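Please consult the sequence and the structure shown here.

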Amino acid sequence: MMTNSLTPWSVKATNLAEHARNAIHTDAGGRAAGFPGALVAGVTVYAYLTRPPAAGWGLEWVRNGSAEVRFATPVFADDHVVCAPVAAGGSTVIEARVGGEVRATCVVTESVVGEVGPMGEGEALESANFTLDGEWADYGRR
């Protein structure tokens, strides 16, 4: 556990235009579902949560680390989100807090090299190359 090498990060929650296809990510759709406004996409919140380990542990974490996210309550557009590492039972957890309330948590592991997962031990993932084009090209670059 290397929580001390991770630093908090904060951001103003934003929905990307591509997410507006799902009405819940618009103010009208969020209100129609009983929320005060637009819900920020879970994949975006996950990206916020992975910023501290990516910045602190670098490319090695991106290549060999792990992350498992759990959502408690929604993050809304324009919320000020603080993503901060905490030590929790021998694990490193990044909490996404809004006004002191935990909205999501992400358990991160610095390196999982050598651990056995769903694949056979030592079995390498096949390379996958693809081209982002059309309307999703800019989304992928961001």
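## Surroundings of H25

In this predicted model, H25 is in contact (heavy atoms within 4.5 Å) with N15, H19, A38, L39, V40 and A41, leaving aside residues up to four places away in sequence. H25 lies in the loop between strand 1 and helix 1 (27-32); helices (H or I, at least four residues) and strands (E, at least two) are DSSP runs, numbered from the N terminus.

The relative accessible area of H25 is 15%, so the residue counts as buried (under 20% relative accessible area, with a 1.4 Å probe and protein chains only).

## Strand 4 and its partners

Strand 4 (residues 91-98) is mostly covered, with 6 of its 8 residues buried. Strands pair if DSSP finds at least two bridges between them. Strand 3 (residues 80-88) runs antiparallel to strand 4 and is joined to it by 8 bridges; P85 faces I94 across this pair. Strand 4 is also antiparallel to strand 5 (residues 101-109), through 7 bridges, and here E95 stands opposite T105.

Each hairpin has 2 residues between its strands. G89 adopts a positive phi near 55 degrees in the hairpin of strands 3 and 4, and G99 one near 60 degrees in that of strands 4 and 5.

## Confidence and conventions

The mean pLDDT (the predictor's confidence in each residue, from 0 to 100) of the protein chain is 84, and 84% of the residues score at least 70. Confidence is highest in strand 1 (residues 9-12), at a mean of 96, and lowest in helix 3 (residues 137-141), at 66. Where pLDDT is low, the predicted coordinates should not be read in detail.

Residues are numbered from 1 along each chain as its sequence is written, and side-chain values use heavy atoms, without hydrogens and water. Local features need pLDDT of at least 70 and side-chain atom pairs count only at 80 or more, whereas totals for chains, interfaces and linings use all residues.

Technical notes:
Buried < 20%, exposed > 50% of the residue type's maximum accessible area, 1.4 Å probe, protein only.
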